[in-house]
Amino acid sequence: MIIKGGSRSNRRFFARHLMNAQDNDRVRVVGLQGFAHEDVGDAFRDMEAVAKYTRCKNFFYHVSMSPGADERLSDGQWEKAVETLERNLGLEGQSRIVFEHEKNGRVHRHVVWSRIDLDTMTARPDSLTYKKHEQSAREIEKQCELQPLASVLVK
């Protein structure tokens, strides 16, 4: 599993990019969780509005998750994979949007979490995430019986 991501702030770009059906064969919103709205654009606006009451500039965390070229995950496996990464990143309980893209027969998912904790009105930490991505990828590979992909950090 390849996981790439980081903290972001450009909600307009990501809302457009993640819903872009022109560059993908198929785009699907798998789920919106923890938002007052059911629309992707409105959910991004909600995240930004909450962040205005904090000093956090990069108010959401975006990742791309891709299995090996010949591997496909069931919806249940994808959900476990997202939950594993969410736990390892310390983003449990945060609002999130999950997108699925298919391009040239290959399926991958994007996840966007709000970093702002509504109880404390502070941002969840976003440091040392490369190692957390790698650890999560190895854990997901084991859970889903995927072919392990090479890693420079975690064996």
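User: Before we get going, which residues count as charged here, and how far apart are the mean positions of the positive and negative charges?

Analyst: Lys and Arg count as positive, Asp and Glu as negative, while His and the chain ends are left out. Keep in mind that this is a predicted model. On that count the chain has 25 positive and 23 negative charges. Their mean positions lie apart by 6 Å.

User: Okay, what radius of gyration does the chain have, and how does that sit with a compact globule?

Analyst: The C-alpha atoms fill a box of roughly 45 × 35 × 25 Å along the principal axes. For 155 residues, a compact globule would come out near 15 Å, and the chain agrees with that, as its radius of gyration is 15 Å.

User: Which element gives the most residues to the largest nonpolar core?

Analyst: That core has 20 residues, and Met1, Ile3, Val63, Met65, Trp113 and Ile140 have the most contacts inside it. Two or more residues each come from strand E3 (60–66), helix H3 (75–89), strand E5 (106–114) and helix H4 (129–143). The top giver, with five residues, is H3.

User: What share of the chain is buried?

Analyst: Buried here means under 20% relative accessible area. Out of 155 residues, the buried share is 46%.

Definitions and conventions
Residues numbered from 1 in each chain as written. Predicted model: local features only at pLDDT ≥ 70, side-chain atom pairs only at ≥ 80, totals over all residues. Heavy atoms only, no water. Core = buried A, V, L, I, M, F, W, Y, C linked by side-chain atoms within 4.5 Å. Buried < 20%, exposed > 50% of the residue type's maximum accessible area, 1.4 Å probe, protein only. Helix = DSSP H or I, 4+ residues; strand = E, 2+ residues; numbered from the N terminus. Rg over C-alpha atoms; globule rule 2.2 N^0.38 Å. Charge placed at Lys NZ, Arg CZ, Asp CG, Glu CD.
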